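Take a look at the model below.

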Amino acid sequence: MPTVDATLPRPDATGRYGCYGGRFVPETLMQTLVDLEAEYKKVSADPAFHRELDFLLSDYAGRPTPLWRARRFEESLGGRFQVWLKREDLLHTGAHKINNTLGQALLARRLGKKRIIAETGAGQHGVATATACALLGLGCIVYMGAEDMERQQLNVFRMRLLGAEVRKVTSGSCTLKDATNEALRDWLANCDDTHYIIGSVVGPHPFPMMVRDFQSVIGREAREQILKAEGRLPDHLVACVGGGSNSIGLFHPFYEDADVEFWGVEAEGSGMATGLHAATITAGEVGVFQGSMSYVLQTNDGQITPAHSISAGLDYPGTGPEHSFYADSGRAHYLPVTDELALQALRQMSETEGIIPALETAHAIAQVIRMAPEVKDDAILLVCFSGRGDKDVFSLQKHIQFEE
Ligand SMILES: *Cc1c(COP(=O)(O)O)cnc(C)c1O
């Protein structure tokens with residue numbers, strides 16, 4: 001299957017989706033990005049590249065992922081409509097992130113770049129990057145804030161087992177945005193032999209487009225699978241939005257299907273009124289963050305404000321430029337879901353289907369539960385089941401107690 005469908009919307013020549021996106025980077029990085037875009041264009045037109053990527057996605061990562069009809073979950077919502085789960089949680093490493101890291105690592109190898117850098121917050125993207133690098137024999141350095149390394153010791157250990165070097169970042173708030181700055185600094189100094197794998201549809205052009213292309217395999221498969229199973233397109237697509245890669249990967253191949261409604265679910269944390277949330281589109285303003293223009297959580301004078309969510313993967317103060325564009329044009333709806341509703345949804349899904357979702361994914365499921373009363377009879381809802389919940393059991397134990 002081709003990674004790029006030329007009939008679907010692309011950013012303009014400067015990497016803009018409406019006013020969003022672009023390249024807000026130091027002059028010295030500009031040429032690197034221009035070169036990367038040209039090389040990506042070449043590679044993505046090469047059938048041999050797609051054959052190799054398709055092989056890795058199938059035989060290594062486990063694609064195609066099943067599209068599962070969640071009948072007992074449907075029953076728990078009244079049984080008036082269908083709910084289908086696109087099972088990205090069944091992929092190697094337990095989430096959709098491997099779709100992107102395999103694509104970019106393969107791209108890097110084609111470009112003759114033997115050194116990979118990445119930044120990671122919760123460690124999920126770092127693990128997926130370290131995995132792809134181990135497989136393809138590429139050196140891997142992951143920048144991670146000191147604070148995050150402390151909180152995510154298990155993922156730090158995993159990355160090291162996979163042969164990656166984890167570099168501790170002790171500047172600023174010692175979290176993701178500081179790790180990103182360090183990774184950019186490294187790339188500036190070493191771009192001749194180094195490729196920077198960004199983990200979501202964020203950052204300067206061409207990253208949002210490239211990551212979107214690699215993740216669109218989710219929507220292309222789902223579209224084919226639902227047509228085969230039901231002979232019609234879904235009425236609603238539902239996915240959680242951190243940086244926005246699993247959601248845009250599901251949405252994009254349905255972009256031209258005007259009757260298919262898109263629902264992006266953001267993290268409301270403790271609730272909008274508390275200010276402790278990560279609802280970037282719902283409550284953010286337009287600004288520049290990590291090299292591109294999009295909605296961001298910021299103060300009046302443009303300082304990025306920290307995000308809060310029970311789910312580490314949604315705990316991000318920015319969002320992709322393409323989502324910002326969909327939000328303004330009305331192509332997609334964006335709604336926030338609290339920690340509490342996500343936890344309830346996680347339990348309801350686990351008990352009815354025997355599938356424990358990642359806390360990120362649980363936000364999308366909570367939106368399905370919330371919208372259930374308004375969904376029309378016989379509708380088809382298709383949910384991106386972005387990841388499995390095993391990684392979250394330690395933090396879940398702090399919130400859920402069972403009787404002895
Ligand atoms: C990282 C992650 C997300 C959020 O990232 P997106 O780029 O918005 O997809 C969602 N779900 C899981 C399981 C993740 O690991």
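A polar contact is a pair of N or O atoms within 3.5 Å. The model is a predicted one.

## The ligand site

Which residues come nearest to the ligand? There are 16 residues around the ligand, and Lys97, Ser200, Gly242, Gly244 and Ser245 come nearest.

| Residue | Atom of the residue | Atom of the ligand | Distance |
|---|---|---|---|
| Gly242 | backbone N or O | oxygen | 2.7 Å |
| Gly244 | backbone N or O | oxygen | 2.7 Å |
| Ser386 | polar side-chain atom | nitrogen | 2.8 Å |

Gly242 takes part through a backbone atom. Gly244 also uses a backbone N or O atom.

## Two domains

The protein is split into two domains. Domain 1 covers 23–56 + 96–211, and domain 2 covers 62–94 + 217–399. Each domain is therefore written as two stretches of sequence. Their C-alpha centres are 24 Å apart.

How many residues of domain 1 are in contact with domain 2? The count is 22 residues of domain 1, which touch 28 residues of domain 2.

The size of an interface is often given as the accessible area lost when the parts come together. Here the two domains bury about 1,900 Å² between them. Carbon and sulfur atoms account for 66% of that area. On the side of domain 1, Phe24, His96 and Val201 lose the most area to domain 2. Together these three make up 32% of what that side buries.

What kinds of contact cross the interface? The rule finds 0 salt bridges between domain 1 and domain 2. Polar contacts do occur there: 9 residue pairs are counted, with both residues at pLDDT 80 or more.

Which elements of domain 1 give two or more residues to this side? They are helix 4 (97–110), helix 5 (124–136), helix 8 (176–190) and helix 9 (207–215). Helix 8 gives the largest share, 3 residues. By class, the side of domain 1 that touches domain 2 has 11 nonpolar, 9 polar and 2 charged residues.

## Salt bridges

Side chains of opposite charge can pair when their charged atoms come close. In the model the count comes to 23 salt bridges. One of them joins the side chains of Arg110 and Asp46, at 2.8 Å from N to O. Arg110 lies in helix 4, while Asp46 lies in the loop between helix 1 (27–44) and helix 2 (47–60), so the pair ties together parts that are 64 residues apart in sequence.

Most residues other than glycine have a negative phi, and most peptide bonds are trans. Three places in the model depart from this pattern.

The peptide bond from Arg63 to Pro64 is cis, with omega near -5°. Pro64 sits in the loop between helix 2 and strand 3 (67–69).

The peptide bond from His205 to Pro206 is cis too, with omega near 15°. Pro206 is in the loop between strand 8 (194–196) and helix 9.

Thr93 is not a glycine, yet its phi is positive, at about 75°. Thr93 belongs to the loop between strand 4 (82–87) and helix 4.

Methods:
Residues numbered from 1 in each chain as written. Predicted model: local features only at pLDDT ≥ 70, side-chain atom pairs only at ≥ 80, totals over all residues. Heavy atoms only, no water. Contact = heavy atoms within 4.5 Å. Buried area = accessible area lost by both parts, 1.4 Å probe. Salt bridge = Lys/Arg side-chain N within 4 Å of Asp/Glu carboxyl O. Polar contact = N/O pair within 3.5 Å; in protein donor to acceptor, adjacent residues only side chain to side chain. Helix = DSSP H or I, 4+ residues; strand = E, 2+ residues; numbered from the N terminus. Nonpolar A, V, L, I, M, F, W, Y, C, P; charged D, E, K, R; others polar. Near = heavy atom within 4 Å.
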